Amino acid sequence: MSDDFDSEQDDEPSEITERYWYEGVSEIMPLIPLRGLTAFPSMVFHFDIGREKSINALEKAMMSNQTVFLATQRNADTELPTADDYYFVGCIAKIKQMLKLPGDSIRVLVEGQRRGKVEEIVSEVSYAEAVVTEIIEKHLFEIPPRIEALTRMLLDDFEEYLSMSEKASGDAFASVESLEASGTIADTIASHMDLKVEIKQQVLEAFDLEARLTLISNVIKKEIEIARIEQEISKKVRSKINKNQKEYYLREQLKTIREELGDGESFEEESEDFLKQLKELNLPEKTHAKVEKEIRRLVKMQPGSAEATVIRSYVDWVFDLPWNKFDGKEIDLPAAEKKLNDDHYGLEKVKERILEYLAVMELAPELKAPILCLVGPPGVGKTSIAKSVAKAMGRNFVRMSLGGVRDEAEIRGHRRTYIGSIPGRIINGMKEAGTMDPVFLFDEIDKIGNDFRGDPASALLEVLDPEQNKEFTDHYLEFPFDLSKVFFITTANTVETIPRPLLDRMELIEVPGYTGLEKLKIAEKYLIPKQLREHGLTKELLTISTGGLRDIIDYYTRESGVRNLERKVAGICRKAARRIVEKKSAKVSVTPKNLEKYLGKRIFHYDMVANTALVGVTTGLAWTAVGGTTLSIETSSVPGKGGVVLTGQLGDVMKESATAGISYIRSIAEEIGIDPAFYSKCDIHMHIPEGATPKDGPSAGVTMCTAVISTLTGIPARQEVAMTGEITLIGKVLPVGGIREKVLAAHRAGIRKVLLPKDNAKDLEEIPDEVRKVVEFVLVEQAKEAFPHVLTRPLKPKPKPKRKTNVDKKS
């Protein structure tokens, strides 16, 4: 099919000396616009209509003389055409048959009568109606020699076209050859050929018979030439490729056809476009030279070759990166602070550090972006904080999860020598961000791994080093890319598994667990409104009382964050929605009395640490990845030979703490009223319940020491007093970590006195005010200082035996 044709016809055909046509009468008739179809006289065809105006025009024609004027739309996509949207030269047709189809559309069978020309549009309200002048062809009793010659040439060319075309029907020539009128022959040939609507319209507008025959003859000759070129191309391509390269053959054939027809871009033109885009990017000199070299290599490649595809993909990646694009928004510090406060309750340290950075960036725009590491238990909002930071700064946000990443290529990308190579996720994230200064979140950096494919943590050293990331080099791009303006934020549950060199490059900000009061405020301000929206509920349909929320926090969740709390609220919303839909109640109110109806029996009990005293049982505090927890340490003494049994899946560090504590007790046995030879007369068994859970760490040293002393002296230990601290052989209590989480766990368990190492006094500032008001803190430097607070009776030194005098000996 031809893409264009040089001959063009004006709406008014040119005057020719000898005319074979004349204008007939003018009359008003309905007008139906055709989309992608041109109607010719003496042509019987059908088409479907569904537009309201077209149906009204059809009904109007059926009620009169069944005559309608068919005009072709200039643009087939126009849904509601007006007078400017269709050609004024069309075909006057007789409606032969109409059939209603499903979907309110009608199939119409028509027969073209003669050409027509619109003189005036009468109406376009309910349907188009126009004044149409008939174009009547003269009947030739004797055909002029020139017309006869053009007709014969046209038939010969059409026969040749049919023999070379795969799309034409086999009986088309027979139907054309049987016709007598030259004008009808030209019209029928045009209707049989696969031509553009514009070219068919030119044939329709050629009123003069000689001009029409010449026009259609030129069209056929061009189509024949194109068909010959197609055959030559097909032969050339078949000689170059084998049967297993079918896909390559089709691509090559299409490319060659476009080159022959002058359509589409050649490699030279494509390369020129690439070079023009490259110049507009204003890249660094080395980068510009590298990309320009690849573009010039593309010109020398064989079209469709694998290497050309790789280079084109590479250049596309380079152009898709956000070169020299910055958000560049002015920093509104009060607005940023309000955004952070609106999105998160508490977390003052994190907010303070973010606002400090924004303030400094306002004064020193060239400041290198910090690299923050938010460390805290799951569910405390580390990821959502990063999103809020991006919103507060007015920057784009990109998140990349590092959990389970083991391949270095995920960070640095694949080298282009590999099939299917792509850039790393850092570069891909920058492409998604669309700017050079987004907020980039590395989630779960503590769960990154390594294997034979490389060490991703080592690859991150370059990314997270402010002195190096200005020239970060991806293996795929092979040139430096500036990451110095990116605000990197990482998250982790613990720093223990983060490699030390990587940890050294980040500024740690602890995101602690929430207190019960903080969880209550978060639930009321954020979680409940969010779940009500997601479940199609309102405050009028569902209310959860403050007491009910407290019970959910205390008895149905045991976590530092609020993730499970949100799940419980969602569960209540689902049950409430069902009750409302089933019309069992118009409004649902959840209180402590009916809470079990929605969430079932209580899961946790924080009142287990009662105000009692037991021999050999002390309460310790521990830190886990999900926050703090209380730890009950049980000891017993049985006759034996000084053995020590430790059970409850204790780690090596915890076993060493127990051994150190027992050695310390032996050194002060006489001072505290214990038989110094106890280690040779009895065995000590130490057990920490929940044996299925592994436990380790030094912070239970003073707790285990006190439990052993309670067992050996028989003095009960107060259960409502909790303690933490590492013990040495001389009884010194060393500082430990996780004080805030441990104290919050003690508060949840109803403990009102906590013993802490003296060197941990500075950590008391992090304890929320509502906790400090109800919990008494005792700072101890020596283990001896803890005993009076835990044991119900004071320890008394064992009395020494009296020495015998000379008088006693004589007597």
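I32 has a relative accessibility of 1%, so this residue counts as buried; buried means under 20% relative accessible area, exposed over 50%, and partly exposed in between, with a 1.4 Å probe and protein chains only. The model on display is a predicted one, in which local features need pLDDT of at least 70 and side-chain atom pairs count only at pLDDT 80 or more, while totals for chains, interfaces and linings use all residues. Residues are numbered from 1 along each chain as its sequence is written, and side-chain values use heavy atoms, with hydrogens and water left out.

To return to I32, this residue belongs to strand β1, residues 21-34. Helices (H or I, at least four residues) and strands (E, at least two) are DSSP runs numbered from the N terminus. Which residues does I32 contact, once neighbours within four places in sequence are left aside? They are F47, I49, S54, A57, L58, V68, F69, L70 and A71, where contact means heavy atoms within 4.5 Å. F69 lies 37 residues from I32 in sequence, yet the two C-alpha atoms are 6.3 Å apart in space.

T188 sits in helix α4, residues 182-192, and, with neighbours within four places set aside, is in contact with V176 and L179.

The protein chain has 28 helices and 26 strands, and 46% of its 811 residues are buried. Of the contacts between residues at least 6 apart in sequence, 74% join residues at least 24 apart. The accessible surface comes to about 41,900 Å², and carbon and sulfur atoms account for 50% of that area; accessible areas come from the Shrake-Rupley method with a 1.4 Å probe, and for residues only the protein chains shown count as cover.

Within α22, the buried residues are M654, S657, A658, A660, G661, I662, Y664 and I665.

On a 1 Å grid over the protein atoms alone, a pocket is an open set of points where a 1.4 Å probe fits, with protein on both sides within 12 Å along at least five of seven lines, and lining residues have an atom within 4 Å of a point. Its lining comprises 28 residues, and H344, G381, S384, K530 and E566 lie nearest the centre. Elements giving two or more residues to this lining are α11 (333-343), α13 (382-393), α18 (516-534) and α20 (563-581). The largest share, 7 residues, comes from α18. By class, the lining has 9 nonpolar, 7 polar and 12 charged residues.

Finally, backbone angles. Most residues other than glycine have a negative phi. Q66, which is not a glycine, has a positive phi of about 60°. Q66 is in the loop between α1 (52-63) and β3 (67-72), and at 30% relative accessibility counts as partly exposed. N282, also other than glycine, has a positive phi near 60°. Is N282 buried or exposed? At 59% relative accessibility, N282 counts as exposed, and N282 is found in the loop between α8 (267-281) and α9 (285-299).

Key. Nonpolar A, V, L, I, M, F, W, Y, C, P; charged D, E, K, R; others polar.
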